[in-house]
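Student: I would like to go through this structure and ask where the terms come from.
Tutor: Go ahead.

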Amino acid sequence: MRQERQEGHCRCGAVRFAVTGKPILTFACHCTGCQRMSSSAFSLSSLYPAVQFEQLSGETDIGGLKGGTRHSFCASCLSWLWTVPEGLDDYVNIRSPMLEDASGRRAFLDCWLTEKLPWASSGACKRYDTVPEPHEFEALAAEYAAWDGEVTP
């Protein structure tokens, strides 16, 4: 069985990447850090195992706070492309709008609602004041895999 492959790129096209298969989860992060880095009310992400991600071309720079969580930006146009969360080197958080076709990447869950702008809404069906507890991820991933993209899973 052939797995779905989708490519993405930064705004200028200098950095290209590909992901294979389906994401583990899709989500909208409402934290103030994401608001500031995306210049928006929230950032949209598709979480993949790192083995399903490949950088095809271009140079990236690390941005954001430059701590344990590594936010990769295009070195040319400075588009925020993906994040490797601190302590989770086996995963890559792709900024969903950087994919060639992000239309099927509706946010399944919202996180950091404690920092959410009062008028912002992603339409996600799962909601967390901060982030899900580590023990919840397996069940969330299974629920996401069975989700048809409607508001209530």
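Student: What pattern does the protein chain follow along the sequence?
Tutor: The pattern is β-β-β-α-β-β-β-β-β-β-β-β-α, with 2 helices and 11 strands. Helices (H or I, at least four residues) and strands (E, at least two) are DSSP runs, numbered from the N terminus. This is a predicted model, in which local features need pLDDT of at least 70 and side-chain atom pairs count only at pLDDT 80 or more, while totals for chains, interfaces and linings use all residues. Residues are numbered from 1 along each chain as its sequence is written, and side-chain values use heavy atoms, with hydrogens and water left out.

Student: Why does Leu56 count as partly exposed?
Tutor: Buried means under 20% relative accessible area, exposed over 50%, and partly exposed in between (1.4 Å probe, protein chains only). Leu56 has 33% relative accessibility, so it counts as partly exposed. Leu56 lies in strand S5, residues 53-57. In the whole protein chain, 40% of the 153 residues count as buried.

Student: Which residues does Leu56 touch, leaving out those up to four places away in sequence?
Tutor: Contact means heavy atoms within 4.5 Å. On that basis Leu56 touches Arg5, Glu7, Arg16, Phe17 and Ala18.

Student: What makes a set of residues a nonpolar core?
Tutor: The set must consist of buried Ala, Val, Leu, Ile, Met, Phe, Trp, Tyr and Cys residues joined through side-chain atoms within 4.5 Å. The largest such core has 15 residues, of which Leu25, Phe27, Cys29, Phe108, Leu109 and Leu140 touch the most other members. Strand S3 (25-29), strand S10 (109-111) and helix H2 (137-146) each supply at least two residues of this core, and S3 gives the most, with 3 residues. A second, separate core of 14 residues includes Tyr48, Phe53, Ile94 and Met98.

Student: What does Phe27 touch, not counting residues up to four places away in sequence?
Tutor: Its contacts include Ser43, Leu44, Asn93, Phe108 and Leu109. In soluble globular proteins, nonpolar side chains tend to be buried together.
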